[in-house]
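Keep the sequence and the 3D view at hand while reading.

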Amino acid sequence: MENLHHILKKYWGFDSFRPLQEQAIASVLSGRDTLVVLPTGGGKSLCFQAPAVAMPGLAVVISPLISLMKDQVDHLTACGVPAACMNSSLSSQERRAVEDRIREGSLKLLYVAPERLVIPDFLERIGRSAISFFAIDEAHCISSWGHDFRPEYRRLQILKGTFPDVGIHAYTATATAQVRDDIIRELHLQAPEVLVGSFDRPNLQYRVERRGDLLSQVVEVIARHPAESGIIYCISRKNVDELCEELTVRGHRALPYHAGMDDRSRKCNQEAFVHEQVEIIVATVAFGMGIDKPNIRYVIHTGIPKSLEHYVQESGRAGRDGLPAECCLLFSDGDLVVWRRLLSEDGPSRQIALRKLDDMADYCHSGLCRHKTLVSYFGEEYAKENCTGCDNCQGVREGVADSLIIAQKILSCVIRLGERVGAEYTTAVLTGSREPRVIERHHDKLSTWGILSTVDKSKVRGWIDQLAAQKYLERDGEFRVLRVTDSGRRVLKGETSLHLTDPTVKSPRRTKFAPVAGGDSRDTALFEHLRTVRRRIAEKLNVPPFVVFADTVLRDLSSQRPTTTATLRLIRGIGERKIDQFGEEFLRAIREHAPVETNDGLPAVQVRSLTGARRKAADLFKQGRPLEEVARLIERAPSTVSQYLAEFIQREGITDPTPWVDQLTQNRIRSSSVHVGLAALKPIFEDLKGEIPYDTIRLVVACLRNENPTVNRVGEGI
Ligand code: ADP
Ligand code: MG
Ligand code: ZN
């Protein structure tokens with residue numbers, strides 16, 4: 001284990017393990033089969049990647065999607081761990097190169113798709129080299145009870161029989177016992193060590209709001225996370241296209257994703273999002289599996305998902321890196337009606353689905369802690385009284401003064417009605433309706449008829465939902481008939497206190513959301529600058545930005561501002577390879593950016609000011625000086641100056657790149673952009689066969705975007 005701490009620091013730059021990682025790794029080292037259940041973002045990858053480095057031989061990782069494999073291999077490679085993948089996307093030349101590395105014994109991890117295991121003689125061939133262990137990522141795919149069942153995963157049964165002496169280790173974020181049992185049985189795990197972590201995600205902020213003016217509600221969330229990545233889920237394809245379009249018109253960089261698009265466009269849009277060429281993806285639930293992007297700062301649902309399992313899964317894609325992230329659910333009661341209509345025919349599965357929908361509805365209407373509700377749904381205790389990370393605990397909704405009396409009126413009306421009717425009808429009676437159905441049944445004679453007639457109907461209905469959400473009422477059968485529970489009876493006797501809120505308030509009081517970069521505006525400015533540097537490096541290497549450095553690293557760099565390699569080593573998340581590869585470029589960026597003076601009278605930290613250099617460069621650009629000359633005059637690398645120039649073009653709204661790019665090159669980029677769009681640089685770069693450098697493309701694209709500021713961001717072909 002000591003060796004593993006060393007490996008963790010050397011390759012990943014981390015100082016400590018997350019909960020259960022150490023036990024999970026120890027189990028791999030001991031050769032015992034393992035099942036690890038940790039939530040999304042819990043750090044499952046490291047549980048097999050670190051021991052793979054420590055153990056002799058090759059670790060074979062089974063992963064369901066090519067995009068997942070590719071990102072993990074890129075990440076490992078950037079950390080200096082020899083890893084490769086073997087899948088249908090490789091050319092035969094690339095495949096041979098991987099096979100050579102396997103034969104030489106120079107690889108530590110090999111990622112493969114499950115289908116590959118049954119290709120004749122594949123197992124035999126890899127069996128010739130020493131295999132350290134098998135890791136099955138996203139292992140719930142093997143269970144038909146899980147939400148992502150993949151029949152190919154069943155083929156993994158073959159592993160235990162073929163390699164009885166090699167450890168098999170399975171990893172999943174799906175918590176149900178049924179799925180867990182399926183995994184153990186299907187993989188033939190032998191007396192496995194089963195490690196189950198906590199499912200709470202303390203860095204996620206949950207909030208729920210009634211849907212009103214959807215666009216402005218969405219824009220408000222986006223505004224809390226400027227220039228950061230977010231997912232917006234819509235129920236239908238049509239909603240996706242419309243919302244995406246509206247956001248684009250407002251100048252947000254958003255792309256759509258749904259099953260109605262062709263494969264290529266979907267793949268392009270996913271990649272543009274992962275590579276941070278756009279900030280926002282507007283999608284149906286078809287989007288998400290295969291996304292390992294750790295720095296998604298918000299997930300918005302614009303309608304009710306069909307179960308809490310789905311909600312946890314989808315919202316859980318926010319904040320894998322452990323930094324604060326926001327999960328916002330915008331709903332309307334009408335969504336429930338739509339879902340009920342869409343649910344399958346009568347039968348037991350319909351009953352289960354209805355119950356799940358009720359739980360989801362309760363979550364929406366509830367005044368209880370969201371963190372507590374979610375973890376207890378999965379059978380976990382939640383100890384904290386106040387999570388401080390959800391709308392209800394933050395008290396964004398004002399309580400109603402006489403909650404207890406209102407609740408007693410409602411509950412006693414339910415009892416008077418014989419616990420035989422649903423919420424709509426109960427509302428009608430409480431508000432004193434003279435509808436024929438009420439009169440015919442003589443319910444206008446009940447003592448509770450009209451007992452809340454001074455209150456708006458939608459409010460009463462909302463309170464019934466709140467009481468159900470707090471389990472004072474339960475619903476039953478196809479007609480969702482209301483019954484008073486035992487705790488509801490205690491309310492009637494006045495034995496408990498309770499809390500109701502005004503359900504008609506659409507936008508309750510809001511709490512602030514701390515930016516990732518920290519509260520200091522100088523830090524934020526440097527953070528943004530480092531992000532640009534990171535994006536440039538990532539574009540060059542053709543990897544997602546998070547492969548270069550995590551947001552946590554950028555945050556620490558911008559607050560601690562190391563200026564030497566030695567101090568750089570102190571930042572968590574930078575291993576040795578990354579220091580060699582990227583260290584100098586980031587140190588330079590930090591040195592350039594540090595402010596000359598601070599207004600609190602403290603001495604300047606650094607001598608050179610970026611604002612100074614930027615200003616000088618801008619003056620020279622205005623005179624139409626060529627890029628190389630500006631670089632020489634202000635003593636900066638041409639690549640840095642090119643970045644300044646792109647910003648200058650954008651800021652000044654310049655549409656003609658002529659002083660800096662020759663006419664022929666301009667024309668090539670312009671005509672390429674007609675085909676592949678302006679949303680991202682990479683498609684243009686590839687379309688031009690890599691003959692024109694990114695820096696040049698960026699300048700021309702900035703001008704073209706200025707020409708057409710509204711449609712600019714989403715290219716048709718992307
Ligand atoms: P999972 O597969 O469980 O969803 P990942 O393996 O993708 O989670 O890890 C999520 C994030 O947590 C990654 O950005 C990873 O770098 C980070 N991480 C994992 N282990 C540690 C650790 N010990 N210290 C700091 N960060 C970690
Ligand atoms: Mg994972
Ligand atoms: Zn809470």
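Which domains does the domain assignment of the chain give? There is domain 1 (2-196), domain 2 (204-377), domain 3 (397-506), domain 4 (520-595) and domain 5 (601-718). These bounds come from an automatic or database domain assignment.

This is a predicted model, in which local features need pLDDT of at least 70 and side-chain atom pairs count only at pLDDT 80 or more, while totals for chains, interfaces and linings use all residues. Residues are numbered from 1 along each chain as its sequence is written, chains are lettered from A and ligands numbered from 1 in the order in which they are written, and side-chain values use heavy atoms, with hydrogens and water left out.

**Domains and cores**

Domain 1 and domain 2 have C-alpha centres 29 Å apart. Contact (heavy atoms within 4.5 Å) links 13 residues of domain 1 with ten residues of domain 2.

The largest nonpolar core has 65 residues. A nonpolar core is a set of buried Ala, Val, Leu, Ile, Met, Phe, Trp, Tyr and Cys residues joined through side-chain atoms within 4.5 Å. Buried means under 20% relative accessible area, exposed over 50%, and partly exposed in between, with a 1.4 Å probe and protein chains only. Phe287, Tyr363, Phe549, Leu557 and Phe586 have the most contacts inside this core. Domain 2 (204-377) and domain 4 (520-595) both give residues to the core, so it lies between them. Apart from it lies another core, of 36 residues, with Ala84, Val98, Val112 and Phe199 among them. In soluble globular proteins, nonpolar side chains tend to be buried together.

Take Phe586. Beyond residues up to four places away in sequence, Phe586 touches Leu530, Val533, Arg534, Ile537, Val548, Phe549, Leu554 and Leu557.

**Around ligand 1**

Which residues come nearest to ligand 1? Of the 16 residues around it, they are Ser16, Gly41, Lys44, Ser45 and Arg320. A residue counts as near if one of its heavy atoms lies within 4 Å. Helix H3 (residues 44-54) gives the most to this shell, with three residues. Helices (H or I, at least four residues) are DSSP runs, numbered from the N terminus.

The table lists polar pairs with the ligand; a polar contact is a pair of N or O atoms within 3.5 Å, and within protein one must be able to donate a hydrogen and the other to accept it, with residues adjacent in sequence counting only if both atoms are side-chain atoms.

| Residue | Protein atom | Atom of ligand 1 | Distance |
|---|---|---|---|
| Gly41 | polar backbone atom | oxygen | 2.6 Å |
| Gly43 | backbone N or O atom | oxygen | 3.0 Å |
| Arg572 | polar side-chain atom | nitrogen | 3.3 Å |

On its own, ligand 1 has 570 Å² of accessible area, and the protein covers 86% of that. Such areas come from the Shrake-Rupley method with a 1.4 Å probe; for residues, only the protein chains shown count as cover.

Is Asp335 buried or exposed? Asp335 is buried, with a relative accessible area of 8%. It lies in helix H13 (residues 333-342). Its side chain joins that of Arg211 in a polar contact of 2.9 Å. A polar side-chain atom of Asp335 also lies 3.1 Å from the backbone nitrogen of Ile304.

Lys682 is found in helix H30 (residues 682-687). Lys682 is buried, at 10% relative accessible area. Setting aside residues up to four places away in sequence, Lys682 touches Glu271, Gln277, Asn542 and Tyr694. Lys682 and Glu271 are 411 residues apart along the chain, yet their C-alpha atoms are separated by 10.0 Å.

Lys160 sits in helix H7 (residues 158-162). Lys160 counts as buried at 10% relative accessibility.

Note on methods:
Helices (H or I, at least four residues) and strands (E, at least two) are DSSP runs, numbered from the N terminus.
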